[in-house]
Amino acid sequence: RDMSVQLPRRQLSREEQAIREYCMGEDGRRKAESTVLLHVSHSNLKKTFFQEIRLDLHMRINTVKQKLEFHCGTSAVSNRVRTMRAEGGHMMSECDDDKMLGYYSPHDGCRLHIVDDDPNSLSAGGWLEDVSLVTKYEISEEAYNARKNTYRKFKEDKLQEDPDWSLKKEIDTRKAKAGLTPSSESKSKVEDDEYLAGEAEAIKVGDRCEVAGGRRGCVKYVGKIPELPKGCKSIFVDAKPELGPHRLVGWRAGVSYFECLDKYGGFVRPDLVQVRVSLICYAEMKIIQVGDYPELDPFADLEDEI
């Protein structure tokens, strides 16, 4: 299986979207009233800065230290915590282990600074950031050439068999043996302006359809898009035409082709119409089926109540 292929994402139902919006909030950071988002810095870590750690104001400072231990690696018994202002980074106060975090009145954006007092700490001397301190494995040219299973040996053998050999050609050959489309063919440029015309004629505006991933909707446009590759007869699928105010999103180079909800439509190539099974779906090639596809029931997977 080619792991580089991007499979289509499942479309959220209306109920799932509502739950997601509730959990994320307006800015994607919904939290309880007693929760603060604090930045964390460390005395031994000059390049590392922990952003927006969620902490509760009712947590004792000793508990905060234990939680921060999983982020910075410094033991709770070997550090001191200071609260810093968001503006300028001036120290507000040094924290007492027995007091609650809310005692120091931190707000979102304030900073907790950890002072590591352990001289034998793993982070001391830059050991968690300075990669130059780590001894690298080195091998001489003679020792590497003496090895058999190396890329250098593999390349030399291939060039002896075929002077025009390249890594790209090798990948295409292996893809062909596996039944996959070689990259050289999949990226070939289309020159025929009437390419896919026959497939596009079978699709009509207003047809119900289903796109790869189970998204259903109706066809809103069939035709050429000058800004897209030659001969590409693109159609538009509006997955949720009955929801909310419509926005003009079917734009290409300032030309509007259709209306739909924001992020609920797209241009789909018609050459894969009637294809029902596929293991590969490239980011710009979506499988579409046209036919009798009623709107999905969001409660279809729930058991009937007695």
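**Figure 1. Helix α2 and the elements that cover its buried residues.** The buried residues of helix α2 are covered by elements that include β1, β2, β3 and β5, where cover is judged by contact, meaning heavy atoms within 4.5 Å. Helices (H or I, at least four residues) and strands (E, at least two) are DSSP runs, numbered from the N terminus. This is a predicted model, in which local features need pLDDT of at least 70 and side-chain atom pairs count only at pLDDT 80 or more, whereas totals for chains, interfaces and linings use all residues. Residues are numbered from 1 along each chain as its sequence is written, and side-chain values use heavy atoms, with hydrogens and water left out. The residues of α2 that count as buried are Ile61, Val64, Lys65, Leu68 and Cys72; buried means under 20% relative accessible area, exposed over 50%, and partly exposed in between (1.4 Å probe, protein chains only). Viewed along the axis of α2, these buried residues fall within an arc of 100 degrees, so they line one face of the helix, the arc being that of the directions from the helix axis to the C-beta atoms. Thr63, also found in helix α2, counts as partly exposed at 37% relative accessibility. Between Thr63 and Asp98, which are 35 residues apart in sequence, the C-alpha to C-alpha separation is 9.3 Å.

**Figure 2. The span of α2 and the residue that follows the helix.** The 12 residues of α2 should span 16 Å at 1.5 Å a residue, and the C-alpha atoms at its ends are 16 Å apart, which agrees; the expected span of a helix is 1.5 Å times one less than its number of residues. After α2 comes Gly73, whose phi is positive, near 85 degrees.

**Figure 3. The salt bridge between Lys65 and Asp97.** The side chains of Lys65 and Asp97 meet in a salt bridge at 2.8 Å, N to O, a salt bridge being a side-chain nitrogen of Lys or Arg within 4 Å of a carboxyl oxygen of Asp or Glu. The pair links distant parts of the chain, with Lys65 in helix α2 (residues 61-72) and Asp97 in the loop between β4 (91-94) and β5 (111-116), 32 residues apart. Lys65 is buried, with a relative accessible area of 5%, while Asp97 is partly exposed, with a relative accessible area of 28%. By the rule given here, the count for the protein comes to 10 salt bridges.

**Figure 4. The network of salt bridges around Arg82 and Glu94.** Arg80, Arg82, Glu94 and Asp117 are linked in a network of salt bridges. Glu94 lies in strand β4 and Arg82 in strand β3 (residues 79-84), so the pair ties together parts that are 12 residues apart in sequence. Both partners are partly exposed, Glu94 with a relative accessible area of 36% and Arg82 with a relative accessible area of 24%.

Figure 5. Thr83 lies in strand β3 and counts as buried at 2% relative accessibility. Leaving aside residues up to four places away in sequence, Thr83 touches His90, Met91, Met92, Ser93, Cys95, Tyr104, Arg111 and Leu112.

**Figure 6. The largest nonpolar core and the surroundings of Leu38.** The largest nonpolar core has 19 residues, and those with the most contacts inside it are Leu38, Val40, Leu55, Leu68, Leu101 and Leu112; such a core is a set of buried Ala, Val, Leu, Ile, Met, Phe, Trp, Tyr and Cys residues joined through side-chain atoms within 4.5 Å. Two or more residues are given to this core by each of β1 (35-42), β2 (50-56), α2 and β5, and the largest share, four residues, comes from α2. In soluble globular proteins, nonpolar side chains tend to be buried together. Not counting residues up to four places away in sequence, Leu38 touches Phe50, Gln51, Glu52, Ile53, Leu55, Leu101, Pro106, His107, Cys110 and Leu112.

Figure 7. Lys158 and Glu170 meet through their side chains in a salt bridge at 3.8 Å, N to O. This pair also links distant parts of the chain, Lys158 being in helix α4 (residues 151-161) and Glu170 in helix α5 (residues 167-177), 12 residues apart. Lys158 is partly exposed, with a relative accessible area of 21%, whereas Glu170 is buried, with a relative accessible area of 11%.
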